[in-house]
Amino acid sequence: MKYLKFILVGFVFGIVLTKAEAVSWYRIYEMFQFQSFHMYGIIMTAIAVGVIGIQIAKRKQLKDIDGNLLIIQDKEKGNARYWIGGILFGLGWAMVGACPGPIFIMLGAGFMSVGLILIGAVLGTFLYGVLKDKLPH
């Protein structure tokens, strides 16, 4: 029962993303073709909300679900790995028309072909876990 509120927030988040058309393959295609501002507006709103949320968490010293103080570390120096990771993430997103969150929303909406994308995402995550010690961090 302690996790029920998180499940409910997940459902609401899924509904909001669906209604905002953020899970639409067509909207994602438009974004990567620079034909529409729609997805960029959603992403910029998410960044603004994230920045504000992080600042509130730092200043109010918020705690996690287990009562531990949230510790948000400062960003490390050197950003080549962020660029490489971002480019790989963006290429994958452009190729399949979905980033990780909407995969589950699309499955819930009945688009079963997205199951293949989910399998690829899980395999990629597993592969990273196997190789992470050998990768430059």
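Q: What makes a run of residues count as a helix in this chain?
A: A helix is a DSSP run of H or I with at least four residues, and a strand is a run of E with at least two, both numbered from the N terminus. By that rule this predicted model has six helices and zero strands. Reading along the sequence then gives the pattern α-α-α-α-α-α.

Q: How do you know that the span of helix H3 agrees with its number of residues?
A: The expected span is 1.5 Å times one less than the number of residues. Helix H3 covers residues 38-60, which is 23 residues, so it should span 33 Å. Its end C-alpha atoms are 33 Å apart, and therefore the two values agree.

Q: Which residues of H3 are buried, and what do they pack against?
A: The buried residues of H3 are Met39, Gly41 and Ala57. They pack against helix H2 (25-32) and helix H4 (80-96).

Q: Why is lysine 60 called exposed?
A: Lysine 60 lies in helix H3. Exposed means over 50% relative accessible area; lysine 60 has 61%, so it counts as exposed. In space, the C-alpha of lysine 60 is 33 Å from that of threonine 125, and the two residues are 65 apart in sequence.

Q: Why is glutamate 30 called buried?
A: Glutamate 30 lies in helix H2. Buried means under 20% relative accessible area; at 10%, glutamate 30 is therefore buried.

Q: What makes the pair of glutamate 30 and arginine 27 a polar contact?
A: The side chains of glutamate 30 and arginine 27 come to 3.1 Å. The cut-off for a pair of N or O atoms is within 3.5 Å, with one able to donate a hydrogen and the other to accept it. The pair is listed as a polar contact.

Q: Leaving aside neighbours within four places in sequence, which residues are in contact with glutamate 30?
A: They are Gln35 and Ser36, where contact means heavy atoms within 4.5 Å.

Q: How many of the chain's residues are buried, as a percentage?
A: Of the 137 residues in the chain, 17% are buried. The accessible surface comes to about 10900 Å², and carbon and sulfur atoms hold 71% of it.

Q: What box do the C-alpha atoms fill, and what percentage of contacts links residues 24 or more positions apart?
A: Taken along the principal axes, the box is roughly 40 × 40 × 30 Å. Among contacts with a separation of 6 or more, 31% come from residues 24 or more positions apart.

Q: How many positive and negative side chains does the chain have, and how far apart are the centres of the two sets?
A: With Lys and Arg as positive and Asp and Glu as negative, there are 13 positive and 7 negative side chains. The centres of the two sets lie 5 Å apart.

Key. Residues are numbered from 1 along each chain as its sequence is written. This is a predicted model: local features need pLDDT of at least 70, side-chain atom pairs count only at pLDDT 80 or more; totals for chains, interfaces and linings use all residues. Side-chain values use heavy atoms; hydrogens and water are left out. Buried means under 20% relative accessible area, exposed over 50%, partly exposed in between (1.4 Å probe, protein chains only). Accessible areas come from the Shrake-Rupley method with a 1.4 Å probe; for residues, only the protein chains shown count as cover. The place of a charge is taken as NZ of Lys, CZ of Arg, CG of Asp or CD of Glu.
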